[in-house]
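Here are my notes on this model, point by point. Please read them with the structure open.

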Amino acid sequence: LPPVNEANYRAAHASPSVRQFARELGVDLGRVKGSGPKERITREDVQAWVKAQLTSPRGEAASGAAGTGGGLGFNLPPMMPQDFSKFGPVENKPLARIRKLSGGFLHRNWLSIPHVTQHDEADITELEAFRKAQADGAARKGAKLTLLAFLMKASVAALKEFPEFNASLAPDAESLILKRYYHVGVAVDTPNGLVVPVIRDVDKKGLFDLAIELAAVSERMRGGKIAPADVQGGCFSISSLGGIGGTMFTPIINAPEVGILGVGKADIKPKWDGKAFQPRLMLPLSLSYDHRVIDGAQGARFISHLSRTLADIRQLVL
């Protein structure tokens with residue numbers, strides 16, 4: 001989306017809730033024409049403007065990217081259309097609404113945020129044994145205890161240790177907004193595309209509580225029952241592909257957050273204990289962070305802290 005002009009935003013004729021909605025979508029209200037009384041901008045006007053940007057033949061949603069601080073633009077040439085049917089049979093499948101909306105935001109985030117991805121492995125041998133031992137207790141509470149609940153708790157522990165990761169860059173890019181709450185976004189694979197619902201106050205919830213909430217939220221997302229509040233207010237995100245496969249990857253930061261954790265498939269590997277090689281269950285981790293806010297040393301310390309916590313989950317109660 002194009003850069004947000006703060007002066008236009010403040011002067012726009014819109015209600016506080018519409019302003020907040022536009023802010024969360026990165027929409028410059030000065031560019032939106034209102035259809036309400038006295039040209040008041042409505043929520044529907046904002047949605048229509050975003051749709052128009054994403055479907056613009058000039059590709060403005062992708063080429064006019066802006067960072068959190070604004071002022072950064074890309075005049076990329078449009079992709080030249082091709083008639084693929086000249087080369088063989090084709091099928092035209094419309095993109096789902098979620099993919100159309102998220103595609104523009106992902107492209108904006110990738111272009112406007114200087115990504116760095118730090119990779120590591122966590123030894124989760126003991127964690128996995130503990131998780132399996134709690135299966136019956138979790139079932140009695142109506143929960144299925146998955147690795148994701150542990151990842152969320154361990155991530156919050158790391159966020160508390162390194163508060164710059166639990167922050168957002170201010171609109172003027174002159175300061176950090178440090179958050180004193182811990183809401184974690186969790187990527188959910190749905191038939192219509194990726195959705196990142198936010199689990200709130202992870203620091204105040206137990207593993208069983210998180211497991212129950214994760215299952216309920218994931219089912220609701222896959223059923224298409226998504227409310228705006230479900231995907232707002234996140235501090236940090238986790239994208240886990242371990243159930244599918246793969247090892248390391250580069251997750252794209254979900255702005256205005258400054259970090260995201262990618263998780264691959266755990267695998268048994270031989271690890272030297274000083275005397276002999278021992279089979280250990282190793283979990284691949286990929287941490288992407290905004291280099292404007294976090295430097296390489298901080299990124300390495302964060303993922304090392306996270307790996308140590310996962311290797312010895314007793315640290316979560318300290």
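**Notes on the predicted model**

1. Start just past helix H2. Gly26 there has a positive phi of about 75°. The model is a predicted one, so this value, like the others below, is computed from predicted coordinates.

2. H2 itself covers residues 16–25. Its buried residues are Val18, Arg19, Phe21, Ala22 and Leu25. Viewed down the helix axis, these buried residues fall within an arc of 160°, so they line one face of H2. Pro16 and Ser17 are exposed on the other side of the helix. Note that Arg19 is listed with the buried residues.

3. Now the overall picture. The protein has ten helices and eleven strands. Of its 318 residues, 41% count as buried. Take the contacts with a separation of 6 or more: 62% of them are between residues 24 or more positions apart.

4. Next, the second largest pocket. It holds about 840 Å³ of space. Its lining has 31 residues. Nearest its centre lie Thr146, Leu148, Ser240, Gly242 and Gly243.

5. By class, the lining of the second largest pocket divides into 18 nonpolar, seven polar and six charged residues.

6. Leu214 deserves a look within H9. Is Leu214 buried or exposed? Its relative accessibility is 9%, so Leu214 counts as buried; the limit is under 20%. Beyond its neighbours within four places in sequence, Leu214 is in contact with Leu148, Ala149, Met152, Val186 and Ile199. One of these partners, Leu148, is also among the residues nearest the centre of the second largest pocket. Leu214 and Ala143 are 71 residues apart in sequence, yet their C-alpha atoms are 9.4 Å apart in space.

7. Asp123 belongs to strand E1, residues 115–123. Its relative accessible area is 19%, so Asp123 counts as buried under the 20% limit. One joins the side chain of Thr125 at 2.6 Å. The other goes to the side chain of Arg280 at 2.8 Å. Setting aside residues up to four places away in sequence, Asp123 touches Arg280, Leu281, Met282, Leu310 and Ala311.

8. Ser237 is in strand E8. Which side chain does the side chain of Ser237 meet in a polar contact? The partner is Glu257, at 2.8 Å. Ser237 has a relative accessible area of 2%, so this residue is buried. Its contacts, leaving aside neighbours within four places in sequence, are Gly185, Val196, Asn254, Glu257, Gly259, Ile260 and Leu261.

9. Ala255 and Pro256 are joined by a cis peptide bond, with omega of about 10°. Pro256 sits in the loop between E8 and strand E9 (259–263).

10. Ala173 has a phi of about 60°. Ala173 is in the loop between strand E2 (167–169) and strand E3 (176–178). Its relative accessibility is 40%, so Ala173 counts as partly exposed.

11. The other residue is Asp201, whose positive phi is about 50° although Asp201 is not a glycine. Where is Asp201 found? Its place is the loop between strand E7 (198–199) and H9. At 27% relative accessibility, Asp201 counts as partly exposed.

Conventions
Residues are numbered from 1 along each chain as its sequence is written. This is a predicted model: local features need pLDDT of at least 70, side-chain atom pairs count only at pLDDT 80 or more; totals for chains, interfaces and linings use all residues. Side-chain values use heavy atoms; hydrogens and water are left out. On a 1 Å grid over the protein atoms alone, a cavity is a set of points where a 1.4 Å probe fits but cannot get out, and a pocket is an open set with protein on both sides within 12 Å along at least five of seven lines; lining residues have an atom within 4 Å of a point. Grid points are joined across faces, edges and corners, and a volume is the space filled by probe spheres set on the points. Ala, Val, Leu, Ile, Met, Phe, Trp, Tyr, Cys and Pro count as nonpolar, Asp, Glu, Lys and Arg as charged, and the others, Gly among them, as polar. Helices (H or I, at least four residues) and strands (E, at least two) are DSSP runs, numbered from the N terminus. Buried means under 20% relative accessible area, exposed over 50%, partly exposed in between (1.4 Å probe, protein chains only). A polar contact is a pair of N or O atoms within 3.5 Å; within protein, one must be able to donate a hydrogen and the other to accept it, and residues adjacent in sequence count only if both atoms are side-chain atoms. Contact means heavy atoms within 4.5 Å. The arc is that of the directions from the helix axis to the C-beta atoms.
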